[in-house]
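Welcome, and thanks for taking a look at this one.

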Amino acid sequence: MREKILYGLGAVAALLLGRNIWVMLTGLPDEAFQGAIFRIIFFHVPAAFTCFLCFFAALIASISYLKTGRMQWDALAVSTTEVGLAFGAANLISGMIWARIIWGIWWTWDWRLTSMLVCWLLYAGYLVLRRAVEEPAQRARLSAVLSILSFTVVPFVFFSIKWFRTQHPQPVLYGEGKMDAAYRAMLYGNWVPLLMIAVILIAVRMQQEKRAREIDALRREAHAF
């Protein structure tokens, strides 16, 4: 039953994504100053939103683990962190592609770009820590603490686009920024299938984590004899 739901969700996400790409390419005009490359914002921004939402879910799961000691929360924390990192990488890479075409460079040590990279590296460190600690309860406890500390950077990254007037474009969804209604609708509309994909990946990753724990428990029992 659960697999059928995930397959159904995947099919809907694929249809929505295909429809959105078709509209982006055939129904939306090029942006006046940036041209066709402007369309990358329909993936760049939703990827960032999804990344931050995953990190927030990891924060809640980590706090819940420290409070209850239930390993299911640890599984949710690591699953959402991994998926968040994937979408964070999509945000960084799509931004670099845009920068290469518009600015003529792949990267600049702008506050906004740099803070996102630092945030991504902190959560990558979370995964490195998990691999370094063998004992499951200790690994879950240390990981939860690091996840909570890492999330303190996320609000800074989110608001840095508003706080710092740098080379990075100004906000277009709030503040003084303006975006055409059709572009705005596509941006939020394309976030929906990306969220669906994130949910599917988290569900699959949690199932893998559950099986890994079962195998690890059997291995420990075998070593005890």
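## Charged pairs, cores and surface

Asp30 is partly exposed, with a relative accessible area of 45%. Its side chain meets that of Arg39 in a salt bridge, with N and O 2.6 Å apart. Arg39, for its part, is buried at 13% relative accessible area. Please keep in mind that this is a predicted model.

### The overall picture

The secondary structure comes to 7 helices and 0 strands, so the pattern read along the sequence is α-α-α-α-α-α-α. Taken along the principal axes, the C-alpha atoms fill a box of roughly 70 × 40 × 30 Å. Of the 225 residues, 41% count as buried. The accessible surface comes to about 12,700 Å², and carbon and sulfur atoms account for 70% of that area. Among contacts between residues at least 6 apart in sequence, 74% join residues at least 24 apart.

The protein has 9 salt bridges in total.

| Pair | N to O distance |
|---|---|
| Arg39 and Asp30 | 2.6 Å |
| Arg213 and Asp74 | 2.7 Å |
| Glu209 and Arg213 | 3.4 Å |

Which parts of the chain does the pair of Arg213 and Asp74 link? Arg213 sits in helix H7 and Asp74 in helix H3, and the two are 139 residues apart. Asp74 is buried, with a relative accessible area of 2%.

Glu209 is buried, with a relative accessible area of 9%. Through shared partners, salt bridges join Asp74, Glu82, Arg130, Arg205, Glu209 and Arg213 into one network.

Now for the packing. The largest nonpolar core has 22 residues, and those with the most contacts inside it are Phe52, Phe55, Phe87, Cys119, Tyr123 and Val154. Helices H2 (41-68), H3 (71-102), H4 (111-132), H6 (154-163) and H7 (181-224) each supply at least two residues of this core. Which helix gives the most to this core? That is H2, with 7 residues.

Leaving out residues up to four places away in sequence, Cys119 touches Phe55, Val153, Val154 and Val157. There is also a second, separate core of 12 residues, which includes Leu28, Phe38, Phe42 and Met186.

### A buried asparagine

Is Asn190 buried or exposed? Asn190 is buried, with a relative accessible area of 0%, and this residue lies in helix H7. Its side chain makes a polar contact with the side chain of Asn20 at 3.0 Å. Not counting residues up to four places away in sequence, Asn190 touches Leu17, Asn20, Met24, Phe42 and Phe43. One of these neighbours, Phe42, is also among the residues of the second core.

Ile93, Ile97, Ile101, Ile102 and Trp106 make a nonpolar surface patch of about 470 Å².

Finally, a look at a loop. Glu135 is found between H4 and helix H5 (136-151). This residue is partly exposed, with a relative accessible area of 37%. The side chain of Glu135 reaches the backbone nitrogen of Ala137 at 3.1 Å. How many Å separate the C-alpha atoms of Glu135 and Leu113? The separation is 36 Å, for residues that are 22 apart along the chain.

Technical notes:
Residues are numbered from 1 along each chain as its sequence is written. This is a predicted model: local features need pLDDT of at least 70, side-chain atom pairs count only at pLDDT 80 or more; totals for chains, interfaces and linings use all residues. Side-chain values use heavy atoms; hydrogens and water are left out. A nonpolar core is a set of buried Ala, Val, Leu, Ile, Met, Phe, Trp, Tyr and Cys residues joined through side-chain atoms within 4.5 Å. Buried means under 20% relative accessible area, exposed over 50%, partly exposed in between (1.4 Å probe, protein chains only). Helices (H or I, at least four residues) and strands (E, at least two) are DSSP runs, numbered from the N terminus. Contact means heavy atoms within 4.5 Å. Patches are made of residues with over 30% relative accessible area and no salt bridge: like charges are joined within 9 Å, nonpolar side chains (Val, Leu, Ile, Met, Phe, Trp, Tyr) within 5 Å. Accessible areas come from the Shrake-Rupley method with a 1.4 Å probe; for residues, only the protein chains shown count as cover. A salt bridge is a side-chain nitrogen of Lys or Arg within 4 Å of a carboxyl oxygen of Asp or Glu. A polar contact is a pair of N or O atoms within 3.5 Å; within protein, one must be able to donate a hydrogen and the other to accept it, and residues adjacent in sequence count only if both atoms are side-chain atoms.
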